Amino acid sequence: MSPSPRAFVIGHPIAHSRSPMIHGFWLEQHGLDGAYEKIDVPPEALRGFLASLRAHGYRGGNVTVPHKTEALRLAGGRDAAAEAIGAANTLWFDGDRLVAGNTDAAGFLGSLDAEAPGWDHGAGRAVVLGAGGAARAVVHALLARGFAIDLVNRTPDKGEALARDFGTGVRAHGFAESARLLGAAGLLVNTTSLGMAGQPPLTLDLGRLERDAAVCDIVYVPLETGLMRAARQRGHRVVGGLGMLLHQAVPGFERWFGVRPSVTPELRALIEADIRAKP
């Protein structure tokens, strides 16, 4: 009798992670005898932890800060998304080889497709705020859907470096140019931490944004950010960050437990309730 499949999420710290709640919901929903655990792994212990996965019965797991870049480097293989984004969030075995993947771009697209159907029809220009790891995933996703991207970042050098990495189709700008750029945008995406609980608010004038443009804020704590509230009041289609969190979890669960789960209203309600109780 083969042992029950096990998976994990690692980070440092890791107590905040809601991934065990998401995967635990799916394990129960599908009646699977498996386990998904959160494990605090300090940076100096990462190599040893990954080397011992098979010995401890793990089929793979999720990776969060600060391990996303180093896990990609240590893995024996990588998928195209992880290669382009430069970071891993999902690990699995292909035979004896540990493979690193990145599902953030797929999660971002899955969320928009579910919550704002048709958002990419006639794909034109998108304004993306930020130039960190999340921005790289969003840029990778939007390029795949045919968007040209205006990347806005307070630190010009970082934005220009990201634009160079992705090549034609991405242009870097300073934050002072954001109002002008919004006039030609069909989509606005915030990938910064501005507006997150405990962080400064995002101050942005949406006055030039066309009313049929969609607005996405990948922050999910709080569930509605100031940017989302302002956009909703103007009549824009608005997508928050919780959907991206839920949809990015789907491919990993399927790899580890052999069943492709769905993002249901019941799962969303469970995580929303937890966020409201423990923001």
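The buried residues of α7 pack against α4 (80–85), α6 (133–144), β8 (148–152) and β9 (170–173). Contact here means heavy atoms within 4.5 Å, and helices (H or I, at least four residues) and strands (E, at least two) are DSSP runs, numbered from the N terminus. This is a predicted model, where local features need pLDDT of at least 70, side-chain atom pairs count only at pLDDT 80 or more, and totals for chains, interfaces and linings use all residues. Residues are numbered from 1 along each chain as its sequence is written, and side-chain values use heavy atoms, leaving out hydrogens and water.

So who does the packing? In α7 (residues 156–166), G159, L162, A163 and F166 are buried (under 20% relative accessible area; exposed is over 50%, partly exposed in between, with a 1.4 Å probe and protein chains only). Looking down the axis of α7, these buried residues fall within an arc of 100 degrees, so they line one face of the helix; the arc is taken from the directions from the helix axis to the C-beta atoms. On the other side of α7, D157, R164 and D165 are exposed. After α7 comes G167, with a positive phi near 80 degrees.

Now for the rings. The whole structure holds 8 aromatic pairs: Phe, Tyr and Trp rings (six-membered for Trp) with centres within 6.5 Å, stacked if the planes are under 30 degrees apart, edge-to-face if over 60 and tilted for the rest. Y36 and W256 make a tilted one, 6.0 Å centre to centre with 40 degrees between the planes. Y36 sits in strand β2 (residues 35–40) and W256 in helix α11 (residues 250–257), 220 residues apart. Ring pairs also link W26, Y36, F253, W256 and F257 into a cluster.
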